[in-house]
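Biologist: Can you walk me through this model? I'd like to start with one of its helices.

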Amino acid sequence: MQYKVISDLHGDGNAFNILLDAVKFSKNSKTQKLIFIGDLINRGEHSLYILREVMKLTKENKNVQCLMGNYENNNNRYNHNRIYRYTV
């Protein structure tokens, strides 16, 4: 199995597109696995775009996986607390 790994994009959509092209991941390959290792969101202005694209890739292909980083974890905790506060 050949592993392709992308991490620490921090919302940089340009870097996401460049790296996705650079790893040359084949969606139909049975010998490749693409793994996103956290910190996809934060500083850059394309965090939502990256999340949507990664979610689409993981739904379309079982050989694509995404692990949460500390920025995704912090965002989830912040939003959970905010939603909980307004629903109680």
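Modeller: Terms first. Buried means under 20% relative accessible area, exposed over 50%, and partly exposed in between, with a 1.4 Å probe and protein chains only. Helices (H or I, at least four residues) and strands (E, at least two) are DSSP runs, numbered from the N terminus. This is a predicted model: local features need pLDDT of at least 70, side-chain atom pairs count only at pLDDT 80 or more, and totals for chains, interfaces and linings use all residues. Residues are numbered from 1 along each chain as its sequence is written, and side-chain values use heavy atoms, with hydrogens and water left out.

Biologist: Fine. Which residues of H2 are buried?

Modeller: Ser47, Ile50, Val54 and Leu57. They sit on the same side of H2, because they cover an arc of only 95 degrees around the axis. That arc is taken from the directions from the helix axis to the C-beta atoms.

Biologist: Why would spaced residues line up like that?

Modeller: An α-helix has 3.6 residues a turn, so residues three or four places apart point the same way.

Biologist: And which residues are exposed on the other side of H2?

Modeller: Leu48, Arg52, Lys59 and Glu60.

Biologist: What do the buried residues of H2 pack against?

Modeller: Helix H1 (13-22), strand S2 (32-37) and strand S3 (64-67). Contact here means heavy atoms within 4.5 Å.

Biologist: What span should H2 have at 1.5 Å a residue?

Modeller: 20 Å, for the 14 residues at 47-60. Its end C-alpha atoms are 20 Å apart, so the two values agree. The expected span is 1.5 Å times one less than the number of residues.

Biologist: Now the core. Which residues make up the largest nonpolar one?

Modeller: There are twelve: Ile6, Leu9, Phe16, Val23, Phe25, Leu34, Phe36, Leu40, Ile50, Val54, Leu57 and Val64. H2 gives the largest share of this core, three residues. A nonpolar core is a set of buried Ala, Val, Leu, Ile, Met, Phe, Trp, Tyr and Cys residues joined through side-chain atoms within 4.5 Å.

Biologist: How many aromatic pairs are there?

Modeller: Two. In one of them, Phe16 and Tyr49 are edge-to-face, 5.9 Å centre to centre, with 90 degrees between the planes. That pair links distant parts of the chain: Phe16 is in H1 and Tyr49 in H2, 33 residues apart. Rings of Phe, Tyr and Trp (its six-membered ring) pair if their centres lie within 6.5 Å; planes under 30 degrees apart count as stacked, over 60 as edge-to-face and the rest as tilted.

Biologist: Is Phe16 buried or exposed?

Modeller: Phe16 is buried, at 1% relative accessible area. Tyr49 is partly exposed, at 33%. Phe16, Phe36 and Tyr49 form one aromatic cluster.

Biologist: Switching to loops. Where does Asn63 lie?

Modeller: In the loop between H2 and S3. Asn63 counts as buried because its relative accessibility is 11%. Its side chain reaches the backbone oxygen of Ser29 at 3.1 Å. A polar contact is a pair of N or O atoms within 3.5 Å; within protein, one must be able to donate a hydrogen and the other to accept it, and residues adjacent in sequence count only if both atoms are side-chain atoms.

Biologist: What caps the N-terminal end of H1?

Modeller: Asp12. One of its side-chain oxygens lies 3.1 Å from the backbone nitrogen of Asn14. Just after H1, Lys24 takes a positive phi of about 50 degrees.

Biologist: Last one. Where is Gly44?

Modeller: Gly44 is in the loop between S2 and H2. The C-alpha atoms of Gly44 and Gly11 are separated by 3.9 Å, though 33 residues apart along the chain.
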